[in-house]
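Take a first look at the fold shown here. The report then covers its sheets, a helix, a pocket and a ring pair.

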Amino acid sequence: MKFITIKSYDELSAKAADIIAAQVIMKPTCVLGLATGSTPIGTYKRLIEDYNNGKIDFSTVKSINLDEYVGLDGNHDQSYRYFMNNNLFNHVNIDKANTYVPNGCATDYDKECAEYDKRVQDFGGIDLQLLGIGIDGHIGFNEPDSIFTKETHVVDLHPSTIDANARFFEDKSLVPKKAVTMGMLSIMQAKKVLLVANGANKKDILEKAFFGPINPQIPASILQLHPDVTVIYSEN
Ligand code: PGA
């Protein structure tokens, strides 16, 4: 594992974008596993700049996102499909037909989840998986549990996740209580993992996840078993 501590959010964003850009340049047909949340926004801004400067071309890139709220369709301004369109896809030349976010309004979640996992397998796996980390240690929406769940699945969001995400909604009662998330297998089979974390409130969970025991109560701790993980952390 590489653990990079960096001085500022801007530097974190620049470093993460450089790693993703290098992946796209090295393998223009790569599969990027993408994440939502506040932390990757600066990374996506830098990637848009790189695209505008002619440094990267997304035309043959595929992307697959980690998660989506259950009950929000892609036009809802708090859905993760909307987030991705707004923060990245609308501003670069990726073919939207090659971008995947779980369906938050599926009628049959067993089918939706099985198809999501099959899609990752059909891609031949993810080349580079970008992750954030929740203050409860979640990656994607794999919340603390008694086991690491391998497959894409529907989860009940942890109270701390609902609290943390309430800032994006008019009222806490509007935060969805469930989400659909990629499971640990697709994440762990990614060739490279890049985890970004920003702020003093993430320090404690990073220590537990990367320097403590591997335990499904700290979902990110499974990444200690991954052969190619880079963590970029900025306290400020
Ligand atoms: P954040 O979310 O980037 O908004 O802190 C991270 C996460 O919950 O995965």
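## Basis

Helices (H or I, at least four residues) and strands (E, at least two) are DSSP runs, numbered from the N terminus. This is a predicted model: local features need pLDDT of at least 70, side-chain atom pairs count only at pLDDT 80 or more, and totals for chains, interfaces and linings use all residues. Residues are numbered from 1 along each chain as its sequence is written, and side-chain values use heavy atoms, with hydrogens and water left out.

The largest pocket holds about 680 Å³ of space. Its lining counts 35 residues, and T36, G37, S38, N165 and R167 are the closest to its centre. A pocket here is an open set of points on a 1 Å grid over the protein atoms alone, where a 1.4 Å probe fits, with protein on both sides within 12 Å along at least five of seven lines; lining residues have an atom within 4 Å of a point. The volume is the space filled by probe spheres set on the points, which are joined across faces, edges and corners.

Four elements each supply at least two lining residues: α2 (40-52), β4, α3 (80-87) and α5 (159-165). Helix α3 gives the most, with five. By class, the lining has 14 nonpolar, 16 polar and five charged residues. Asp, Glu, Lys and Arg count as charged; Ala, Val, Leu, Ile, Met, Phe, Trp, Tyr, Cys and Pro as nonpolar; the others, Gly among them, as polar.

## The three-stranded sheet

Strand β4 also belongs to an open, antiparallel sheet of three strands, in the order β4-β8-β7. Two strands pair if DSSP finds at least two bridges between them. The edge strands, β4 (67-69) and β7 (153-156), each pair on one side only.

Four bridges join β7 to β8 (residues 178-181). Opposite D156 stands K178 of β8.

## The seven-stranded sheet

A parallel open sheet has seven strands, ordered β1-β10-β9-β6-β2-β3-β5. Its edges are β1 (2-6) and β5 (99-100). Strand β1 runs parallel to β10 (residues 229-234), joined by five bridges. K2 faces T230 in β10.

## A ring pair

Which residues form an edge-to-face aromatic pair? They are F3 and F210, 6.4 Å centre to centre, with 75 degrees between the planes. Rings of Phe, Tyr and Trp (its six-membered ring) pair if their centres lie within 6.5 Å; planes under 30 degrees apart count as stacked, over 60 as edge-to-face and the rest as tilted. F3 sits in β1 and F210 in helix α7, 207 residues apart.
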